[in-house]
Amino acid sequence: MNPQLSVMTAIRGGVFTRADARACGYPDPDIDSLLDSGGWRRIRPGTYAPYRDFAVVTDEMLHLRGLHRVLRSGEPGLIASHQSAAALHALPLWGLDLTQIHVTTRTAHSGHRPSEAAAGSRDSWAVIGADEVCRHVRDPIGPGVQVWNNLRLVSPARAVAEVAATSPLVPGVVVAEAALAAGIATSRTLQRAASQLVEGIDQAERVVAQAQPESASVAESRLRLILSEAGLPTPSTSAPPAIDVDQTGCALWFPDERTVVEFDPRRPFWCQVPDDYLDDTATRFFAPRPGVPTEPEPLEYCWISWTDLDDPPLVVDRVRATFARASRRTGVRIFDPTRSPRSHRRRRTGSTQPDYALPSDHDIPG
C-alpha cells in the first residue's frame, strides 16, 4: 500500500473505497488483482481493507479523520494547510502539535473570534468550536493550492514552508527533508514557497537552508542536524566500507576520521524506490574501486539510539570521543589549516625568539 492510500485508510478508520485507491494511483486491474490474491479484503461493496492490518488509533489518525470531517462538512473554501496538509501529503508528523486542525480561508467566519496575538495580522487565526480548528485567514489565499481526492490542500512545498514558519526548528527540518527524500519538493520549490509566506519568512528560510536530501528517516534527520549545529564534519555521501546493504540507511560514514556512526533508523521516510535499487546499491558499494586497498582498515564505531537524540550534548560528546579514539588508533591527525606551525613551536619552547637565527660572523666562511 502506497503512502497516499495509507493516509486515506487512516482518514476512514482503517478502510478505504475503490475511488480512494484510484485517486492514489491504483488502476482497476491492480485493485482486482489485490482483491483476488487476498492482499486486500472486501468489507462491504466498494469498501476494502488491507489483509491482516490492524487499525491502530494514533494521534495522526485522529487528526486526519478530524481534518476530513472539517473539509467535507465545513464551510466552503476551507483549504488544509500547515501540518494538516503535511499529513495529507504523508509527511512525518513527529514533533508537531496535532491538537489543532489547520485550515486556510480567505475570510474569517462570522461569530468566531480571532486570537489577540494575531489581531490586525493578514495571517490571523481563530479556534472554532470543540474540534479546535485553527483558521489561518489570508487574502489573497496565495499560490500553491491543489485538489486531491476532492480535498483542497496546499502543495507539499507550501505545507513544508508553513510548518517551518510556525513550528520548532527540528520538526521543521524533518518535514523538509522528508519532502526532499520523497521527491515531492525540491530545494528550489521550498525556497520559493518560503519567500511567498506572509509571516515567519526568516524562520522558514532557515529551515530550508538546513534541510538536506540525504536523510532517509526522522532519526537520521535529527542526528545530522545535531552534528551540523555542533560544527562537526559532514558525513560522506557514500556508505561505510564492509557494511551490509540493508544497513546502508542506518549509519553515517566519516572517512577522514575513520569513524562509522550507527543509529536506530526510527520512522523512515517514504520515497519512490525502483525495483533494482538493492542490486545497484550492492554493485556501487562493494565493487572494487581503483586505487583503494581491499584490505580492511581499522575503524571506530559509535552507536546512537533514538532516546539519545533527545540529549544533543550527549550525542556530540559521544561522536567526538569516537573521533579521538579513532585518531589514537590509526595515528591519523586532522590537519587544521588555521594553525600556525611557528606559533606552535614557540608555545612548546616558551621562547619569544623566532625559530631561526641569522648567521654570525663566525659562521661565514673565509
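This is a predicted model: local features need pLDDT of at least 70, side-chain atom pairs count only at pLDDT 80 or more; totals for chains, interfaces and linings use all residues.

Trainee: With which strand does β2 pair, and in what sense?

Mentor: To read pairing, one looks for bridges between two strands. Here, strand β2 (residues 40–44) pairs with β3 in the antiparallel sense, over 4 bridges. The two form a hairpin with 2 residues between them, and glycine 46 in that turn has a positive phi of about 80°. Strand β1 (residues 16–17) also runs antiparallel to β3, joined to β3 by 2 bridges.

Trainee: Which residue of β3 is the bridge partner of arginine 42?

Mentor: That partner is tyrosine 48.

Trainee: Are the faces of strand β3 covered or open?

Mentor: Both faces are covered: Thr47 and Ala49 are buried on one side, as are Tyr48 and Pro50 on the other.

Trainee: How many aromatic pairs are there?

Mentor: The count comes to 5. The rings of tryptophan 94 and tryptophan 306 are edge-to-face because their planes stand at 75°, over the 60-degree cut-off, with centres 6.2 Å apart. This pair links distant parts of the chain, 212 residues apart, and both tryptophans are buried.

Trainee: What sits over the ring of tryptophan 306?

Mentor: The charged end of arginine 222 does, 4.9 Å from the ring centre.

How values were computed:
Residues are numbered from 1 along each chain as its sequence is written. Side-chain values use heavy atoms; hydrogens and water are left out. Buried means under 20% relative accessible area, exposed over 50%, partly exposed in between (1.4 Å probe, protein chains only). Two strands pair if DSSP finds at least two bridges between them. Rings of Phe, Tyr and Trp (its six-membered ring) pair if their centres lie within 6.5 Å; planes under 30 degrees apart count as stacked, over 60 as edge-to-face and the rest as tilted. A charge sits over a ring if NZ of Lys or CZ of Arg is within 6 Å of the ring centre and within 35 degrees of the ring normal.
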